[in-house]
Structures are given as structure tokens and as C-alpha cells.
Amino acid sequence: MIAEPESRTRGHQTTMEQRGDRELIITRRFDAPARIVFEAWTRADLVAQWWAPQSRGVSITSCEAEVRPGGRYRYVLRTGKGETVAFSGAYLEVEPPTRVVYTQIFEPVPGPPVLVTVTFEERDGGTDLTALEVYPSKEVLEMVLATGMETGMRETMDQLAALLGRLG
Amino acid sequence: MIATFAALAESNRFRIVELLRGGNRSVNELVNRLHLPQPQVSKHLRVLREAGVVEVEPRAQQRLYRVRPEALRECHAWLERYRGLWDRRLDALDRVVHDLKEKEKPHDRRTRK
């Protein structure tokens, strides 16, 4: 299943493909060398500039990352409604500028982490970025897609919190 | 949307929907497949029905449960929504990358901007 890119995209197109029942593959090309894209993907002060979906009124309030194998990161976001949620995890492999592997937990949702493998492939002066997200189960992947994270951060975060309370 | 999510977030209900995707089934067939007590299966089916994920096949002699196509279409829309989030996020990353690249070549202002 491949979601079609939208034509209004300013830069290159983002593609997303679901592989099996618990993997998502996201790809995007950047007009810059791999070392620059790698830096922008990992350096905390740069992550703070792009990681939050700002069009949804979400902002990053704190961004910390110790980018080395075994190091940890934590991105704290504030939703449009003023709620604070955080993503965090640990780096398993750090190989600049070609590859970084880390775990990711959306802290409001307890459970095993998502495993993220990002590769940066330099080609013709640009970089092909591929992010592979492996979810602990297909239920978790469905949940992420169902809330869209986007929707979750937009207006239903409180509903989600209430829901998780009921499910817990 | 949130009701669908809530209904599917429970693993046995998710399994029921997976089974029904393969064809319409009665409560007894689901009980045999899932190895769960019948009252529990019926309770899960009630939650799924109230969330609009499944419905009872109206014309059948037996009460057969089936997945509502509308709920499945919603599932397909989820992927596109999540891609939209990543698209905007990577647009922002693109701008950060562009700025970094510009900073690296302060003597070459002719090419961009």
C-alpha cells in the first residue's frame, strides 16, 4: 500500500509505504550532502526547528539528544491545547553520515518502543533519506495510524489520554 | 475515528476484525477460532458494533457478523494522514538543510536567494 504524494509539496516528494503489518517506510530526497542531512536529523538544536508539526499548533519546548550508541534523546512538545507530551528513546547505532538506529517511545502510550532505522544515501549531490519504523505489534501501528499522531496532537490528545486511562 | 481506535486497541477485538476481514462469521465460529468464552466474544462484538466497525448481516438465517466497508476505508485514510504529517515535517527539515548548506558557502551568494 503506497500513499500517493501530494503535488503541492515544496521540496521533493515524501513517500510512505506500509510493509507487512508492522513496518512503515518513509522516503524523501534532499538537495544536500548526506553529512548535512544527517546533522539536521540528529542535532538537538536543529531537530527543534523541524520535528514538531507546527501547522497543527504544536511546538517543541525542549529537545535533548546525546547522539552516540547508548545515548538517549527526548523531545518535549506542547500541543495547541497546552498539553505537554514527549517522545524519547535511545540510540543503538550511530554511523555518521550514513545511518542511525534508535528506539522511540511516545511517552503517553506505555509499552515496547518503535525501532527506527534511518539511512542517508548520497547520490548525484543529493541525499536519499529512508526511515524504517518497526512497530512492536500491528495493533500499535494501527493505533499510530488511527490517531495519525497529527490528529492526536491536534485536538484529540485529551480524548486519547482519557481513552488510555480507560484501556489501562 | 477515536471510537474506531478504541475498539481496535483491544487485541482480541483486533483479532475479531482480522478474522471478519477473511469473511463473514457467526459468533460460534469466532468463539471456536479465538478460544474465548462466548459471552466475552459477544461483548467484544457489541463494542465493535457500537463503534461502527462491524455490523450484523441482516438477511442471514444465522446472525453473521461482517466488517463495515466504511470502517475499512477509514483505515486506508489513516496512512495518508500519517504521511501528511511526515510530509510537513520533512518540508521543515528541507528548510533546515537548505539553511545549513547556505551557511557553508558564504562566498557564493549568486546561486540561491
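Modeller: Helices here are DSSP runs of H or I with at least four residues, strands are DSSP runs of E with at least two, and both are numbered from the N terminus. This is a predicted model: local features need pLDDT of at least 70, side-chain atom pairs count only at pLDDT 80 or more, and totals for chains, interfaces and linings use all residues. Residues are numbered from 1 along each chain as its sequence is written, while chains are lettered from A and ligands numbered from 1 in the order in which they are written.

Colleague: In which loop of chain B does B:H35 lie?

Modeller: B:H35 is not a glycine, yet its phi is positive, about 55°. B:H35 is exposed (12 or fewer other C-beta atoms within 10 Å of its own, C-beta atoms being placed from the backbone), because 6 lie within that distance. Its loop is the one between α3 (27-34) and α4 (38-50).

Colleague: Is A:D124 buried or exposed?

Modeller: A:D124 sits in the loop between β8 (114-123) and β9 (126-134) of chain A. Its phi is positive, near 50°, and the residue is not glycine. With 8 other C-beta atoms within 10 Å, A:D124 is exposed.

Colleague: Which peptide bond is cis?

Modeller: Look at the loop between β6 (84-95) and β7 (99-106) of chain A, where A:P97 lies. Omega is near 0° for the bond from A:P96 to A:P97.

Colleague: What pLDDT does chain B average?

Modeller: pLDDT is the predictor's confidence in each residue, from 0 to 100. In chain B, 79% of the residues score at least 70. The chain B average is 82.

Key. Buried ≥ 20, exposed ≤ 12 C-beta atoms within 10 Å, placed from the backbone.
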